[in-house]
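Have the structure open as you read.

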Amino acid sequence: MPEAQELSVGQLAERSGVAVSALHFYETRGLIRSRRTAGNQRRYTRDTLRRVAVIRVAQRVGIPLATIREALATLPDDRTPTRADWSRLSARWRGELDARIRQLSQLRDTLDACIGCGCLSLRRCRLANPADELGRQGDGARRWNEAPD
């Protein structure tokens, strides 16, 4: 492919509005690809602009990067994602988004019952311990036994 048809990482960052460091991160996560020039500089095909736009929109609605990567892997290489592609990808995420909306609505609707309680009663707290999930896991300090993320 002629170099005139490709974008440098700086050009991609400028045109997409995404920081160079984020583009490098996306590349290490397998979301976008580049080729290297003889001088070891990254070059991106123009379709990468649309892919970055898809990534940003999906991130904005809370789709995890691993899920975005799986969806982008279904697209043909070196082709700009089309409106039909986006419809298909976004339909895959609809159920996950609907579930998240239900959870956030429930959180919003129960938040006022928890303000100021300090979560002194995990047995009763609908936010920190819905339906006493921790109690069903057995005795002891369940929260302290969890491995940090």
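## Helix H3

A helix's expected span is 1.5 Å times one less than its number of residues. This is a predicted model, and H3 makes a handy check: its 14 residues should span 20 Å at 1.5 Å a residue, and its end C-alpha atoms sit 20 Å apart, so the two agree.

Which residues of H3 are buried? The list runs Asp47, Thr48, Leu49, Arg51, Val52, Val54, Ile55 and Ala58. Just after H3 comes Gly62, with a positive phi of about 95°.

Nonpolar side chains tend to be buried together in soluble globular proteins. Here, the largest nonpolar core counts 23 residues, and Leu23, Ile32, Ile55, Ile68 and Leu72 have the most contacts inside it. At least two core residues come from each of H1 (9-16), H2 (20-28), H3 (47-60), H4 (65-72) and H5 (83-111). H3 gives the largest share, with 5 residues.

Take Leu72 as a way in. Setting aside neighbours within four places in sequence, Leu72 is in contact with Leu31, Arg51, Val54, Ile55 and Leu89.

Over in helix H2 you'll find Glu27. Is Glu27 buried or exposed? The cut-off for buried is under 20% relative accessible area, and Glu27 comes in at 18%, so Glu27 counts as buried.

What does Glu27 touch? Not counting residues up to four places away in sequence, the partners are Ile32, Arg33, Ser34, Arg42 and Tyr44. With Arg42 there's also a side-chain to side-chain polar contact of 2.9 Å.

Conventions. Residues are numbered from 1 along each chain as its sequence is written. This is a predicted model: local features need pLDDT of at least 70, side-chain atom pairs count only at pLDDT 80 or more; totals for chains, interfaces and linings use all residues. Side-chain values use heavy atoms; hydrogens and water are left out. A nonpolar core is a set of buried Ala, Val, Leu, Ile, Met, Phe, Trp, Tyr and Cys residues joined through side-chain atoms within 4.5 Å. Buried means under 20% relative accessible area, exposed over 50%, partly exposed in between (1.4 Å probe, protein chains only). Helices (H or I, at least four residues) and strands (E, at least two) are DSSP runs, numbered from the N terminus. Contact means heavy atoms within 4.5 Å. A polar contact is a pair of N or O atoms within 3.5 Å; within protein, one must be able to donate a hydrogen and the other to accept it, and residues adjacent in sequence count only if both atoms are side-chain atoms.
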